[in-house]
Amino acid sequence: MTKTKANDELVFLPLGGSGEVGMNLNCYGYGPESDRQWMLVDVGVTFGDSTTPGVDIIVPDPSFLAGETIKGIVLTHAHEDHIGALPWLWDRLKAPMYATPFTAFLIREKLRDRGLQDVKIHEVPMGGHVDLGPFSVDFITMTHSIAEPNGLKITTPLGTVFHTGDWKLDPNPVIGKPTDIAAIQKMGDEGLLAMVCDSTNVFVEGEAGSETEAQAGLIELIGSLKTGRIAVGCFASNVARMVSVMKAAEKAGRRVALAGRSMHRITAAAKHVGLFNESKAILSEDEARHWPADEILYLCTGSQGEDRAALSRIANGTHPFIKLGLGDHCIFSSRVIPGNELAIADLQDRLADRGVRLYTEKDHPGIHVSGHPCRDEMRQMYAWARPRISVPTHGMRRHLMEHAALARELGTPETVTPRNGDLVRLAPGPAAIIDEVPSGRLYVDGGMVVTEAGEALRERRHASTNGVLVVSFAMDKRGKIVSDIDVRGIGLPGDEVTPLGEALDELAERAEQAVLALKGEALEDEAVIEQAVARALKKTSQRIWDRRPIVETVILRL
């Protein structure tokens, strides 16, 4: 273990995942301010929405880490919000990676999809250990809604931090082992400096529930549906839930077919590490369509309403093999992730319109359990770990603040609620935010990683609400217009009172007037001409539509 020097500090820096659910990138630094060594925990994504047209994937901005000494990247588990940014940020980080076998398998697949074939990933067994410079890391077995979830005991010369990762307390997980309570209690007995802990369900009283309970609920519901096809939507990453659905299908006399790329990928990962041994062969989608309706069950991706996932294509009637209609059933064995409400409601409406009967956790509470701790589980965790400092993470601002309040109620001496970019000193001395570093988001746009202030997305957002005008005309060398001025509109309305054609004709006149108003050298400078045309057309558009569209001017010089 590295010896403590006079100016050494242990710091925690979230660059993603604090003040949001998703996009986790947590950094631990050790050493003097001028020469810190870093360990990263998780490198995840979040997903685009209506405010990011054309952008599906968003990753944390790691610019602060450029030039820093990164001893390693440790991955707690394989959810997208914890590993999904690795293919996009690998060239910027390039540090040794450490993960348990299931997580490592999925990371390799993701890197391979991006053409990254030779990246070394160190596989660590469940309960394993790695040394990364001043950081001594023990993997602590947890329970969550994915295979092989881990907390991390991070031991340094200035104290020990327990990074919980995503967790809940499930005494009877369908796959894997229960939470390693003894290891957590031992940390508490030895004196735990800080706990960086999941805040997702801090407003929910009680307990999240066991996967065994969800299995019983699915067996009961699926067994009660005697006729028609059944589709079950759930998170592909939840191998235990997949196993439960398959067990329910077998008990009901149904064969299972997987629908969606993620289902096949997760199944391959689970088989690779020996977590998954179905008793009957899984049918292909093509085979399943020839099976009797009351003897088939489809296990589908897309429970959150994702456009290109299996359930959405089924709801649209565009899936090449799977057709659901009157007399068929769709079970949503998943929760509604905040922000996905409209997409899920739209998906369910489209399925209902086809005559498919829907079953959700609201109507059948036993068919889903959360993967995150509710308040009773959090109370139990604090009773075991007894940290001096509580650092809530993985939640919106309101979640972090409520988590800190709960920690204080439970007797935790110090709490810190950082935002992304806040540098937190954990030791020596009292915990405090001591600096703010550059942080933010990068957008994966057209296969390129660009800044959130990028011109392309800004223009796309502007065009999505204001429309586009394209103006084209020819000019001679003396600056005289020698053709008609053509104005075309994209995304702009017209009606009987103001037909679009008439509005565009008026805009053409305004463009001509703007050019004629220019004199001398201005007529030789296309940038000046374009600016004058854009200003005139935006002003007129404001009057006609109460909008200021993007104006693109094309000038042909003869």
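How many helices and strands does the chain have? Here are some notes to read alongside the structure.

1. **The overall picture.** Before anything else, keep in mind that this is a predicted model. To settle the opening question, the chain has 15 helices and 27 strands. Taken along the principal axes, the box filled by its C-alpha atoms is roughly 85 × 75 × 45 Å. There are 558 residues in the chain, and buried ones make up 54% of them.

2. **Who touches whom.** Take the contacts between residues at least 6 apart in sequence: 71% of these join residues at least 24 apart.

3. **Helix α5, its length.** Start with residues 211-224, which form helix α5.

4. **Helix α5, its buried face.** Which residues of α5 are buried? They are E211, A214, Q215, G217, L218, L221 and I222. Look down the axis of α5 and you'll find these buried residues within an arc of 165°, so they line one face of the helix. As for what covers them, the list includes one helix, α6 (239-251), along with the strands β14 (230-233), β16 (296-300), β17 (329-332) and β18 (357-359).

5. **Helices α14 and α15.** Two packed helices are described by the angle between their axes and the distance between the axes. For α14 (residues 500-516) and α15 (residues 526-545), the angle is about 145° and the axes are 9 Å apart. Their crossing is right-handed. On the α14 side, the contact is made by L500, A503, E506, L507, R510, A511, A514 and V515. On the α15 side, the residues are I529, A532, V533, A536, L537, T540, S541, R543, I544 and W545. Sorted by type, the residues of this contact come out as 13 nonpolar, two polar and three charged.

6. **V528, a closer look at α15.** Staying in helix α15, we come to V528. L518 sits ten residues from V528 in sequence, and the C-alpha to C-alpha distance between the two is 8.9 Å.

7. Most residues other than glycine have a negative phi, and most peptide bonds are trans. M23 is not a glycine, yet its phi is positive, at about 55°. You'll find M23 in the loop between β1 (9-16) and β2 (25-31), and its relative accessibility of 1% means that it counts as buried. R386 also has a positive phi, near 50°. R386 lies in the loop between α11 (375-385) and β19 (389-393), and at 40% relative accessibility it counts as partly exposed.

8. **A cis peptide bond.** The last stop is the peptide bond from A427 to P428: cis or trans? This bond is cis, with omega near 0°. To find P428, go to the loop that connects β21 (422-427) and β22 (432-436).

Key: Residues numbered from 1 in each chain as written. Predicted model: local features only at pLDDT ≥ 70, side-chain atom pairs only at ≥ 80, totals over all residues. Heavy atoms only, no water. Axes fitted to C-alpha atoms, helices over the stretch in contact; angles between N-to-C directions. Helix = DSSP H or I, 4+ residues; strand = E, 2+ residues; numbered from the N terminus. Left-handed = near helix turned anticlockwise from the far one by under 90°. Contact = heavy atoms within 4.5 Å. Nonpolar A, V, L, I, M, F, W, Y, C, P; charged D, E, K, R; others polar. Expected span 1.5 Å × (residues − 1). Buried < 20%, exposed > 50% of the residue type's maximum accessible area, 1.4 Å probe, protein only. Arc of directions from axis to C-beta.
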